[in-house]
Structure formats: C-alpha cells, structure tokens
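Have a look at the structure first, and then we'll go through the parts.

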Amino acid sequence: MLVIIWLFRKYNSLAQKMIVSLAIAAFFDSIAYVMGEVLPDGVLCNFQAWWLTYFDWCALAWVCSITLNLYLNVVKEMRTDQYQLTYHFTAWGVPFILSCLPLFGDLYGPAGAWCWITDDHVAWRFVMSQVSDPSRSTI
C-alpha cells in the first residue's frame with residue numbers, strides 16, 4: 001500500500017499522510033519483532049527493547065490520531081488540516097518520551113523471545129503492555 005501511495009503520489013490529504021505515517025511506524029515495529037533473537041544484556045539489547053517499545057507506541061498513537069481525525073471530520077464536520085503538526089508531535093514525540101523512560105531507568109534487558117522490560121520490573125511491564133494494548137488484558 002505504501003509503495004502504491006508513493007508511486008502514484010496520492011498522499012495529498014491529511015488522512016492519506018496519516019495512513020502513510022502509520023504504515024511507516026508499523027513497518028519499523030515489525031523489524032523489532034523480526035530481530036527476534038535474545039541478545040545478551042547490553043547496548044544492542046537496550047536498543048532492540050527501545051525500538052520495540054517506541055514503534056509499538058507510535059503505531060498505537062497513529063491509530064488513535066487517525067480515529068480522532070475521522071471523528072472530527074465526520075461527526076463534528078471540522079476541517080483538521082491545521083492539526084497536522086499536533087498529530088505528528090503526538091504520534092512521534094510522546095512515544096519517544098515513553099520509550100526513553102525505561103531506558104534511562106535501566107529497565108530494559110533480556111525478557112523472553114526478545115529484549116524488553118525485564119521480569120524484575122512488573123509494574124513497568126504492566127503499564128507499557130496493558131496501557132498500550134488493552135486487548136492483552138486478562139480482566
């Protein structure tokens with residue numbers, strides 16, 4: 001889809017640009033899962049964990065931004081072109097801050113199939129997984 005949009009230069013509207021941004025975030029998120037191999041604790045493991053957390057949050061933020069944009073366009077009948085920078089700041093900036101918090105707290109490390117927040121930090125794991133993806137909830 002991303003190649004078709006780029007090939008035919010069909011990314012003129014804000015909604016199309018947002019879909020392109022979501023596709024980019026999802027592409028880079030999938031790279032983290034393809035890395036797969038458990039790395040020893042260190043810089044590369046921390047990078048993989050940060051990458052996974054950052055792009056998971058980016059994809060979620062873009063889905064939420066697209067949903068909000070659709071609501072404002074359809075239900076409220078508002079033009080939303082002026083919110084483009086706000087959407088980008090929210091969908092790229094907020095996940096950056098959220099993914100750096102565990103990095104600066106040295107919470108990342110080997111955590112199963114790939115590097116992420118270690119088992120020693122259950123509260124952080126809960127916040128980063130359950131809040132970012134409520135469908136994982138066991139309640």
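## Ground rules and overall layout

Helices (H or I, at least four residues) and strands (E, at least two) are DSSP runs, numbered from the N terminus. Asp29, for instance, is found in helix α2. This is a predicted model, where local features need pLDDT of at least 70, side-chain atom pairs count only at pLDDT 80 or more, and totals for chains, interfaces and linings use all residues. Residues are numbered from 1 along each chain as its sequence is written, and side-chain values use heavy atoms, with hydrogens and water left out.

The protein has 5 helices and 2 strands, and along the sequence they come in the pattern α-α-α-α-β-β-α. Contact here means heavy atoms within 4.5 Å. Among contacts between residues at least 6 apart in sequence, 58% join residues at least 24 apart.

## Inside and outside

A residue counts as buried under 20% relative accessible area, exposed over 50%, and partly exposed in between (1.4 Å probe, protein chains only). Of the 139 residues in the protein, 34% are buried. The accessible surface comes to about 8,700 Å², and carbon and sulfur atoms own 70% of that; accessible areas come from the Shrake-Rupley method with a 1.4 Å probe, and for residues only the protein chains shown count as cover.

Back to Asp29: it is buried because its relative accessible area is 10%. Setting aside residues up to four places away in sequence, Asp29 touches Leu52, Phe55 and Asp56.

## The nonpolar core

A nonpolar core is a set of buried Ala, Val, Leu, Ile, Met, Phe, Trp, Tyr and Cys residues joined through side-chain atoms within 4.5 Å. In the largest one, with 26 residues, the members touching the most others are Trp50, Trp62, Tyr87, Trp116 and Ile117. At least two residues each come from α2 (14-35), α3, α4 (84-104) and β2 (115-117), and α3 gives the most, with 12 residues.

Which residues does Trp62 contact, leaving aside its neighbours within four places in sequence? The list runs Met18, Ser21, Leu22, Ala25, Tyr87, His88, Ala91 and Trp92.

## Cysteines

Taking a disulfide as a pair of cysteine sulfur atoms within 2.5 Å, the count comes to 1. The disulfide joins Cys45 to Cys115, with S to S at 2.0 Å. The pair links distant parts of the chain: Cys45 sits in helix α3 and Cys115 in strand β2, 70 residues apart. The link is left-handed, with -115° about the S-S bond.

Cys45 is buried, at 0% relative accessible area, and Cys115 is buried at 0% too. Cys58 also counts as buried, at 0%, and Cys100 is buried at 8%.

## A patch on the surface

Leu68, Leu70, Tyr71, Val74 and Val75 form a nonpolar surface patch with about 480 Å² of accessible area together. Patches are made of residues with over 30% relative accessible area and no salt bridge, with like charges joined within 9 Å and nonpolar side chains (Val, Leu, Ile, Met, Phe, Trp, Tyr) within 5 Å. A salt bridge is a side-chain nitrogen of Lys or Arg within 4 Å of a carboxyl oxygen of Asp or Glu. Tyr71 belongs to helix α3 (residues 43-74), and counts as partly exposed because its relative accessibility is 39%.

Met78 lies in the loop between α3 and α4 and is partly exposed, at 31%. Leaving aside neighbours within four places in sequence, Met78 is in contact with Leu72, Asn73 and Tyr83.
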